[in-house]
Amino acid sequence: MSEERYGEFVLVRRHGHVAELVLDRPKAMNAVSTEMARSLAAACTALAADRDARVVVLTSSGERAFCVGADLKERNSFSDADLVRQRPVARGAYTGVLELPMPTIAAVHGFALGGGFELALACDLIVADATAVVGLPEVSVGVIPGGGGTQLLPRRVGAARAAELIFTARRVEAPEAAALGLVDQLTEAGHAREDALALAAKIAKNSPVGLRSAKRALRLGQGLDLRAGLEVEDAAWRATAFSGDRAEGVAAFNDKRAPQWPGE
């Protein structure tokens with residue numbers, strides 16, 4: 001297992017074809033400062049270009065929290081001009097995770113609030129353990145979810161449910177979060193990272209070209225009518241059907257062996 005650090009607060013660990021993207025600011029419960037946001041965006045840029053990374057798992061260090069969102073202590077010192085200058089940096093972190101071209105899984109334990117929950121929502125799947133507490137409390141401190149929450153949450157749970165959660169700013173504990181579909185897989189306390197990495201390893205056995213194309217079709221097709229969505233799917237199919245992965249997948253199936261994906 002290799003490691004690469006991006007700034008002081010972001011780490012990438014390699015587990016074969018699975019990349020673990022670690023929020024590593026435990027003393028601040030992984031609150032996203034300007035420096036951390038910049039590092040997270042840089043790590044995502046590198047991962048997006050890495051053809052060897054088939055799945056990314058977003059994890060965090062520290063026992064109490066996955067991520068408590070924006071660093072409000074830092075924000076408290078900002079002038080209006082500072083806040084305007086910081087906004088593109090913050091957006092870069094959230095969109096960096098959202099736009100990763102390979103499947104992404106968030107492993108959530110403890111508090112995932114505000115921007116922390118938005119980072120999880122930016123992933124394709126969320127594995128949470130029994131300690132997880134999620135929510136978008138931004139309106140309780142005079143702002144709104146600004147890391148994608150107003151757009152990602154309704155796509156996951158529907159407009160009315162998202163409105164209730166955002167307007168009340170309430171925190172949702174793990175059992176209810178699973179029941180509402182705020183998270184996809186609920187596991188025992190302390191097992192979120194382990195189970196997310198296991199799920200990622202299972203996914204990473206599949207064609208990297210197929211995985212990226214399937215994700216692109218899923219993402220681009222959201223919100224389109226059926227006919228337009230099927231055109232998106234057809235374009236993604238064509239991008240995959242004439243790839244080396246498709247040829248290897250068919251050959252391996254016929255030879256009754258595990259495929260050796262060329263990834264192109």
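I began with burial: 47% of the 264 residues of the protein count as buried. The model is a predicted one, and I read every value below as computed from it.

Entry 1, overall build. I looked up the secondary structure and found eleven helices and eleven strands in the protein. Next I checked the radius of gyration, which is 19 Å; the globule rule gives 18 Å for 264 residues, so the protein is as compact as a globular protein of that length. I also took the extent of the C-alpha trace, which is about 60 × 45 × 40 Å along the principal axes.

I considered the contacts with a separation of 6 or more, and 66% of them are between residues 24 or more positions apart.

I then looked up the charged side chains: 31 are positive and 33 are negative. The centres of the two sets lie 2 Å apart.

Where does Asp-24 sit? I placed Asp-24 in the loop between strand S3 (18–23) and helix H1 (34–48). Which side chains make polar contacts with that of Asp-24? I found Arg-5, at 2.9 Å, and Ser-61, at 2.8 Å. I then listed the contacts of Asp-24, leaving aside neighbours within four places in sequence: besides Arg-5 and Ser-61, the list holds Glu-8, Phe-9, Asn-30 and Met-36.

Met-29 is not a glycine, yet its phi is positive, at about 55°. Met-29 belongs to the loop between S3 and H1, the loop that also holds Asp-24.

Lys-256 was the second residue I looked up. Lys-256 is likewise not a glycine and has a positive phi, near 55°. I located Lys-256 in the segment after helix H11 (244–255). Is Lys-256 buried or exposed? Lys-256 is exposed, with a relative accessible area of 77%.

Note on methods:
Residues numbered from 1 in each chain as written. Predicted model: local features only at pLDDT ≥ 70, side-chain atom pairs only at ≥ 80, totals over all residues. Heavy atoms only, no water. Helix = DSSP H or I, 4+ residues; strand = E, 2+ residues; numbered from the N terminus. Rg over C-alpha atoms; globule rule 2.2 N^0.38 Å. Buried < 20%, exposed > 50% of the residue type's maximum accessible area, 1.4 Å probe, protein only. Contact = heavy atoms within 4.5 Å. Lys, Arg positive; Asp, Glu negative; His and termini not counted. Charge placed at Lys NZ, Arg CZ, Asp CG, Glu CD. Polar contact = N/O pair within 3.5 Å; in protein donor to acceptor, adjacent residues only side chain to side chain.
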